[in-house]
Amino acid sequence: MPQSRPRSEPPPGGTQPQEADVLRQTLRSPGYLKLLLFCALISIPVSLASFWFLAGLHKMEHVMWADLPKALGWDVPPWWWPFPLLLVAGIVVGLVVTHMRGNGGHLPAAGLHTGGASASYIPGVVIAAVASLPLGAVLGPEAPLIALGGGLALLFRNLAQAPVTPQGTALVGAAGAAAAISTIFGNPLIAAVLLIEVAGVGGPQLFAVMLPSLLSAGVGDLVFTGLGRWTGLPVGSLKLDLGVPVPHLDAPDVLWAVVIAAAVAVALHQVLTGARYVASYVLAKQTVLRTVQCALAAAACAGLYALITGRSPAEIAGSGQSTIGTLASDPHAWGVGALIGVLLFKGAGYAICLGSLRGGPIFPALCLGAVVGVLLGPLPGLGTVPAMGAGMAATAASALRLPVSSVVMVVLMLGGTAMIPVVIISAVVAFVVTELLPVGPPIPELPVVPRVPAEPAEPAEPAAK
């Protein structure tokens, strides 16, 4: 019988060191340890700046959509309220994109990414975000936060006169982005997982290996907990008994989750394809006028919703973060007509803003998924909580194409572990369906603003021999 090889011995016939040895060498290198310490230090000012940036956006949004209308005598904004606000947003964003470095951040229709962070992009990113988000763009703050965090980290790196290398630039920028994005979610786990997937660590092969594992884990958890409940036999578990009532998953919940995820992926794909068409229209001949036209079209979506339903246009404008909280706390306060109106008009505004203004795609997608859950919750054998979990996981995975991040976000938003199997299955189904659908029209390249001479150029990587 052949003897097993010692674990520390390298594989026979191979000359490359084991991955564990490479990791140890990297961790023991003084340069990497200094980089870790530097990233920890710069995360403090980056987090503080991101916090005040978000606080300022929230305050401005409250002033524009609550304080100012009340000061003028309206309990809720009138139907025409979004038009002047988004007119200003379109003008400012159009000017930033055409005249400032970094184009105000990347176009949200192209999805989240961490590449291209620069300290010189910060003014344009901040101005475009302040013009878009508080004034009613159907976008979230996560993309500006990623750009802001990465840019600030590189700015502090330059001020500290730290060595500039391509690898160091990528690591410092990613660390700053992670520190910034954790402020919006209030959880470092989401930020870490999101940045790992956004950065594309592992490439397509990672997703090919990860999806079966993720789906199997969800099904295994469902069978494990389900068998324990069905038979009444006690089973060991690491779960904590929180002492609060949680809904129990049944077979119809799982079956409905698959159907909802597939349908949501197909529907949201039309929204994302529309966003690519809008982006192609805006960038084909980049002018302030075309950006303003799109901003006013998004305002028309909010105005029409308010005229038809008699509700506030603020339910369509904005990221939808407050709407998610309202739906979760009192889902019965919304009629079927209002829910359908939110899906139609917010979906249309979402597509327009993705292709023209500046912001992130996460929160509007989660809002649409929550609306789908509340609308479909009364289906036979389904419930509001599982339906919301399935809807939000499906819209997040379809819009972001980041299945693990979508699962983590939705699970933590639901505040418990009972819905994890439904959330995982929905995210995987929606991700696979989205990837199998055609991508849509290509997005043209953004205009390039000349580089600021004062910013030191980073050394290029040596060409491979």
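Predicted model: local features only at pLDDT ≥ 70, side-chain atom pairs only at ≥ 80, totals over all residues.
Modeller: Residues are numbered from 1 along each chain as its sequence is written, and side-chain values use heavy atoms, with hydrogens and water left out.

Biologist: What pLDDT does the chain average?

Modeller: The term pLDDT denotes the predictor's confidence in each residue, from 0 to 100. A score of at least 70 is reached by 79% of the residues. The average for the chain is 81.

Biologist: Over which residues does pLDDT stay under 50?

Modeller: A contact means heavy atoms within 4.5 Å. One such stretch has eight contacts beyond four places in sequence, and another has 14 contacts beyond near neighbours in sequence. These stretches are, respectively, residues 1–16 and residues 451–465.

Biologist: How many helices and strands are there in the chain?

Modeller: Helices (H or I, at least four residues) and strands (E, at least two) are DSSP runs, numbered from the N terminus. By that rule the chain has 16 helices and zero strands.

Biologist: Among contacts between residues at least 6 apart in sequence, what percentage join residues at least 24 apart?

Modeller: One example of separation in sequence is Val126 and Phe53, which are 73 residues apart along the chain and 8.5 Å apart in space, C-alpha to C-alpha. Val126 lies in helix α4 (residues 122–132) and, leaving aside its neighbours within four places in sequence, is in contact with Phe53 and Leu148. For the chain, the percentage is 77%.

Biologist: Is Trp81 buried or exposed?

Modeller: Buried means under 20% relative accessible area, exposed over 50%, and partly exposed in between (1.4 Å probe, protein chains only). Of the 465 residues of the chain, 46% count as buried. Trp81 has a relative accessibility of 5%, so this residue counts as buried.

Biologist: Which residues form one aromatic cluster with Trp81?

Modeller: Rings of Phe, Tyr and Trp (its six-membered ring) pair if their centres lie within 6.5 Å; planes under 30 degrees apart count as stacked, over 60 as edge-to-face and the rest as tilted. By this rule there are six aromatic pairs, and the one between Trp74 and Trp80 is edge-to-face, at 5.6 Å centre to centre and 85 degrees between the planes. The pair of Trp80 and Trp81 is tilted because the planes stand at 45 degrees, with the centres 5.8 Å apart. The residues that form one aromatic cluster with Trp81 are Trp74 and Trp80.

Biologist: Which ring lies under the charged end of Arg311?

Modeller: A charge sits over a ring if NZ of Lys or CZ of Arg is within 6 Å of the ring centre and within 35 degrees of the ring normal. Arg290 lies over the face of Tyr281, at 4.3 Å from the ring centre. The charged end of Arg311 sits 4.3 Å from the centre of the ring of Trp334.

Biologist: Which helix gives the largest share of the lining of the largest cavity?

Modeller: On a 1 Å grid over the protein atoms alone, a cavity is a set of points where a 1.4 Å probe fits but cannot get out, and a pocket is an open set with protein on both sides within 12 Å along at least five of seven lines; lining residues have an atom within 4 Å of a point. The structure holds one cavity of 30 Å³ or more, and the largest cavity has a volume of about 40 Å³. Its lining includes Gly104, His106, Val125 and Arg358. The largest share, three residues, comes from helix α5 (residues 142–159).

Biologist: Which helix supplies the largest share of the lining of the second largest pocket?

Modeller: That pocket holds about 670 Å³ of space, and of its 26 lining residues the closest to its centre are His58, Glu61, Ser319, Gln321 and Ser322. At least two lining residues each come from α2 (30–71) and α11 (321–329). The largest share, seven residues, comes from α2.

Biologist: In which loop is the place of Asn103?

Modeller: Most residues other than glycine have a negative phi. Asn103, although not a glycine, has a positive phi of about 60 degrees, and at 9% relative accessibility this residue counts as buried. Its place is in the loop between α3 (82–99) and α4.

Conventions: Points joined across faces, edges and corners; volume = space filled by probe spheres on them.
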